Amino acid sequence: MSKHLVCRVADVPENGLKECEVEGGLKLVVANAGGEFYGFQSQCPHQDVPLCEGLFDGSTLTCHMHLWQWDVRTGAPLGLAEAPLERYPLVREGDALYLGGEATALDVGELFNGLPPRLLEKLGGSAKREGHPAGAVLYRPGDPAEDFFVLDSGRVEFLVGRGERTAPGGFMLKKGEVFGWAALLDGYPARIASARCLEASSLLRINGKSALRVLESDPAAGFAVMRRLAGLIARYLASSGAR
Amino acid sequence: MRVQLNARNRGYAFEAKAGEHVLYAGLRAGIDLPYECATGTCGTCKAKLVSGRVRDGWPGAPGKKFVKPQANEFLMCQCAAEGPLTLEVSKFVYEMEPGACVPQTCAGTVRNPRPLTHDVIGFALELERPRDFDAGQFMLLAPAGVSGYRGYSMCNFARGGRRLEFVVKRKPDGGFSQWLFGANRDGARLDSFGPLGKATFDPALGKNLLCIAGGSGIAGMMSILARAAAAHYFDRHKGWLFFGIRSMRDAFFLKELSAYAAEITVALSEQDVPEAAKRDWPTLRFEQGLVHDVARRSMAGRYRDVRAYVAGPPPAVDAAIRVLLLEAKLTTDNIRYDKYS
């Protein structure tokens, strides 16, 4: 693979940001966090505002438009932000920064992002990559809920209810979004909604029980994942709360 | 007309009247759709048309720069359904909380319009029906039968009241402002929609209150101060208000501000502080400088347990937010802002 130059180290001011365009047209923002460099998507995942115009204090980036915030080291959303930043690993060679490949769907996703690499590898090892055409149904109400899914690309919509009485139940469109969580819960052996690909989609399918075994092997990380899962479920099912 | 709105977390169905803009129809139904200005500027309410047709009430809206027409995106605040619609909003959308002041349309009458300065008019809107709102909220106003709402913050606070107080600054391109300044409008009829806005204050907050207002951004702060004072809030919590104007000839509400048990500072950006100002208003502080700079100088080291409210022209709001985030280190949930664009 040819190396893609992102920018020179000196181009990014200390505790500052710079928008860079890589050969091939990919745009990203590079943050200099006390001499460590992090690359991530150039536009706010909220409303296409250039993130290089954001406020950066050396670790937290704030989009000036609606005050969404992220930890630039992990891309994790903070405060009001509803979505993580997609990161682009950077490799430093001398005074230059190169693109170090693309983060995997597991690593950018809100459930597993920032886990110890060892654990991510184990989870990734048990994942089956699947491609589905537009219109493919992944599961229906009542189907066994043994696996959960991580979206890599494409788009999946949910319908709740059966037959004539179905209603839209939301949709997934961001790389790393997780659905079919029932597979990670006790006492929910069957699907309660149907999931259908609205576009040709690429997914990681992971068996819930084997993922739980991996998480049990590192209880601290497993606990963090379960806390995030609880937060995710609340966000989908609960009201806006004190937002 | 039936509107089916699919959000990231679930779908909603609601009815829109003929000609009614989609955003207002959804809000009226108690669905907390995304918006900020609700008048075509900020782009926050953009949605994607999946099926059906919409009529765009303002093709030249500034907020159009945030939408991609080739992706069938449109601004919900400017477009009306021309039949059944299905649309998609790429955000989490929830129902409004129980007890929220659900926005409604309501007609009313202009009362007591009066000049407050050379370019600011104050007036009351007497509504046909009582209307609850939260301190810091705004209403959309338009002369009866004229399309194109503008948003104005209420200056007063009352539960179950029919009288809303407003201030309006003269703007060369402001439709409503030109109408109001164009003649004596006492008794004129207005259409309104609201209340709107999330930069609200409730005494249950229990934090020290920092208000930074540029020019007519003082309106919402007056409502917040009125709400706080009625609850004796400043017996238990500190309050600071910074009111930025160019010079003393732009000053208004100084008498009202003098009555509050909060520390009130008037920042003059284009004039040295006149001795007469200090003499005439002994309970107010006066400082020379831009309002965010004056606030930064005065507030250094006093940000503990603070909730900040910021309102005014976008550059003033952005400058204040920068201070609050980077210097005061407030968390974003403790910064509520309202950009008057």
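Where do the two chains meet? In this predicted model, 21 residues of chain B are in contact with 20 residues of chain A, where contact means that the C-beta atoms of two residues, placed from the backbone, lie within 7 Å. On the chain B side, helix H7 (residues 314–327) of chain B gives the largest share, four residues. Sorted by class, that side of chain B has seven nonpolar, six polar and eight charged residues. Here Ala, Val, Leu, Ile, Met, Phe, Trp, Tyr, Cys and Pro count as nonpolar, Asp, Glu, Lys and Arg as charged, and the others, Gly among them, as polar.

A quick word on reading the names: residues are numbered from 1 along each chain as its sequence is written, while chains are lettered from A and ligands numbered from 1 in the order in which they are written. As this is a predicted model, local features need pLDDT of at least 70 and side-chain atom pairs count only at pLDDT 80 or more, while totals for chains, interfaces and linings use all residues. Helices (H or I, at least four residues) and strands (E, at least two) are DSSP runs, numbered from the N terminus.

**The domains**

Both chains are split into domains, with bounds that come from an automatic or database domain assignment.

| Domain | Residues |
|---|---|
| Domain 1 of chain A | 5–103 |
| Domain 2 of chain A | 117–237 |
| Domain 1 of chain B | 2–88 |
| Domain 2 of chain B | 104–196 |
| Domain 3 of chain B | 203–339 |

In chain A, the C-alpha centres of domain 1 and domain 2 lie 28 Å apart. In chain B, the C-alpha centres of domain 1 and domain 3 are separated by 35 Å.

**Chain A overall**

Chain A has four helices and 19 strands. Its C-alpha trace spans about 60 × 35 × 35 Å along the principal axes.

Of the 243 residues in chain A, 37% are buried. A residue is buried if 20 or more other C-beta atoms lie within 10 Å of its own, exposed if 12 or fewer, and partly exposed in between, with C-beta atoms placed from the backbone. Among the contacts in chain A with a separation of 6 or more, 59% come from residues 24 or more positions apart.

**A sheet and a loop in chain A**

Four strands of chain A make an open sheet in the order S12-S19-S14-S17, with antiparallel pairing; two strands pair if DSSP finds at least two bridges between them. S12 and strand S17 (178–179) of chain A stand at the edges with a single partner strand each, so one side of each has no neighbour in the sheet. Two bridges link S17(A) to strand S14 (residues 147–153) of chain A in the antiparallel sense, and Phe149(A) has Phe179(A) as its bridge partner in S17(A). Helix H3 (residues 208–216) of chain A packs on this sheet, touching S14 and strand S19 (201–207) of chain A, and its direction makes about 65° with that of S19(A). Such angles run from 0 to 180 degrees between N-to-C directions, and axes are lines fitted to C-alpha atoms, for helices over the stretch in contact.

Now for the loop between strand S12 (127–132) and strand S13 (137–139) of chain A, where Gly135(A) is found. Is Gly135(A) buried or exposed? Gly135(A) is exposed, because 10 other C-beta atoms are within 10 Å. Not counting residues up to four places away in sequence, Gly135(A) touches Arg196(A) and Cys197(A).

**The parallel sheet of chain B**

Chain B has an open sheet of six strands in the order S17-S16-S15-S14-S18-S19, and the pairing is parallel. Strand S17 (285–288) and strand S19 (335–339) of chain B are the edge strands. From one strand to the next, the twist averages 15°.

S14(B) is joined by six bridges to strand S18 (residues 306–312) of chain B, and six bridges also join S14(B) to S15(B). Ala213(B) stands opposite Ala311(B) in S18(B) and opposite Phe243(B) in S15(B). S15(B) is mostly covered, with six of its seven residues buried.

H7(B) lies across S14, strand S15 (239–245), S18 and S19 of chain B, running at about 160° to S18(B). Helix H6 (residues 291–299) of chain B has buried residues including Val291(B), His292(B) and Met299(B). The buried residues of H6(B) pack against S14, S15, strand S16 (263–268), S17 and H7 of chain B. Just after H6(B) comes Gly301(B), with a positive phi of about 80°.
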